[in-house]
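This report goes through a structural model site by site. The sequence and coordinates come first, and the text follows them.

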Amino acid sequence: MLKIAHRGAKAYEPENTLQAFQKALDLNSDGIELDVHLSADGHIIVIHDETIDKMTNGKGAVNSFSLKELKCFSTAEGHQIPTLKEVFDLVNKKCFINIELKSAAALTKVVSLIDEYVSEKNWKYEHFIVSSFDWNALLEVHNLDSKIPIGVLTETDLNLALAFAETIKAKAIHPYYHLLNQENVQEMQQKGFLVLPWTVNIEEDIQKIKSYNVNGIISDFPDKI
Ligand code: G3P
Ligand code: CA
């Protein structure tokens, strides 16, 4: 059962910060999940929302600031917004990284960065899963480099996700956990996919989802899994 720390260990540190990812490593997570957007000058920025309003003392769209400008803002705890490269270097192969594309604009850069770490820094493709609710973006990732493991995110339609996962030979399906039951988990696994539901935080839900024998759970509390 893979323990995947949602936005880092979001329950314990500000989400999507280096501190949250370090906490996830300290809790022996098997993987971390994070969200990416692009800055105005083309850097891959790790942040959930399209704007910096919720997480920092600034206001405005992530893609309206350069990296240098984004680094001037901070969270209430004084943490900066990290780049994807900074997260890769912190994690340094200690667990796998589930990169959720929030903006399709970031996909080409994400593929290039993964390819750079695989070809020059001895990382394996297995250290990554690229996921998105934007399936066109996933198709483009697959077309750019078919070796990059893909996770098909769905909040509503498991059958459609399963069909799409087969089309692009995805590694995993990432369903909203309320869609799951014993039978559909088994069906996805029999077709060769890992089942990695999100975002399961309540003890009772964790126990129920575990009883379906999913392959892993994305949670703000990786230690509860
Ligand atoms: O990757 C699963 C989950 O993170 C999707 O929802 O809003 O937390 O990015 P959200
Ligand atoms: Ca996410």
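In this predicted model, the shell around ligand 1 consists of His6, Glu33, Asp35, His48, Glu100, Ser131, Leu153, His174, Trp198, Thr199 and Ile218. Sorted by class, that shell holds three nonpolar, five polar and three charged residues. For the complex, the predictor reports an ipTM of 0.99 and a pTM of 0.98. The mean pLDDT of the chain is 98, and 100% of its residues reach 70 or more.

An unreviewed UniProt entry places the feature "domain: GP-PDE" at residues 1-225. Over residues 1-225 the chain is 32% helix and 19% strand.

**Aspartate 220**

Two of the residues around ligand 1, His6 and Thr199, are also contacts of aspartate 220. Aspartate 220 sits in the segment that follows strand S9, which spans 216-219. Is aspartate 220 buried or exposed? It is buried, because 20 other C-beta atoms lie within 10 Å, and a count of 20 or more is what the term requires. Leaving out residues up to four places away in sequence, aspartate 220 touches His6, Lys10, Ala11, Thr199 and Asn201. Aspartate 220 and tyrosine 12 are 208 residues apart in sequence, yet their C-alpha atoms are 8.1 Å apart in space.

**The nonpolar core and two isoleucines**

The largest nonpolar core has 66 residues, and Val36, Val110 and Ile173 touch the most other members. In soluble globular proteins, nonpolar side chains tend to be buried together. Valine 110 is in contact with Val36, Ile44, Leu84, Ile99, Leu101 and Val130, not counting residues up to four places away in sequence.

Val130 is a contact of valine 110 and also of isoleucine 150. Isoleucine 150 belongs to strand S6, residues 150-154. With 25 other C-beta atoms within 10 Å, isoleucine 150 is buried. Beyond four places in sequence, the contacts of isoleucine 150 are Val130, Leu138, Val141, His142, Ile168, Ala170 and Lys171. Isoleucine 99, one of the contacts of valine 110, is 51 residues from isoleucine 150 along the chain, with a C-alpha separation of 9.6 Å.

Isoleucine 217 is in strand S9 and is buried, with 26 other C-beta atoms within 10 Å. Setting aside neighbours within four places in sequence, isoleucine 217 is in contact with Met1, Lys3, Ile4, Pro197, Val200, Ile206, Ile209 and Ile225. Isoleucine 206, among these contacts, is eleven residues from isoleucine 217 along the chain, and their C-alpha atoms are separated by 8.1 Å.

**Loop positions**

Which loop holds alanine 61? Alanine 61 lies between strand S3 (44-46) and helix H2 (67-70). Alanine 61 counts as partly exposed because it has 13 C-beta neighbours inside 10 Å, and exposed residues have 12 or fewer. Not counting residues up to four places away in sequence, alanine 61 touches Glu50 and Thr51. Serine 39 is 22 residues from alanine 61 along the chain, and the C-alpha atoms of the pair are separated by 8.9 Å.

Asparagine 122 is in the loop between helix H4 (107-120) and strand S5 (128-132). Lysine 169 is in the loop between helix H6 (158-167) and strand S7 (172-175). Both are exposed: asparagine 122 has 9 other C-beta atoms within 10 Å, and lysine 169 has 12.

Definitions and conventions. Residues numbered from 1 in each chain as written. Chains lettered and ligands numbered in written order. Predicted model: local features only at pLDDT ≥ 70, side-chain atom pairs only at ≥ 80, totals over all residues. Near = placed C-beta within 6 Å. Nonpolar A, V, L, I, M, F, W, Y, C, P; charged D, E, K, R; others polar. UniProt positions renumbered as here; feature names shortened; annotations may be inferred. Helix = DSSP H or I, 4+ residues; strand = E, 2+ residues; numbered from the N terminus. pLDDT = per-residue confidence, 0-100. Contact = placed C-beta atoms within 7 Å. Core = buried A, V, L, I, M, F, W, Y, C linked by C-beta atoms within 7 Å.
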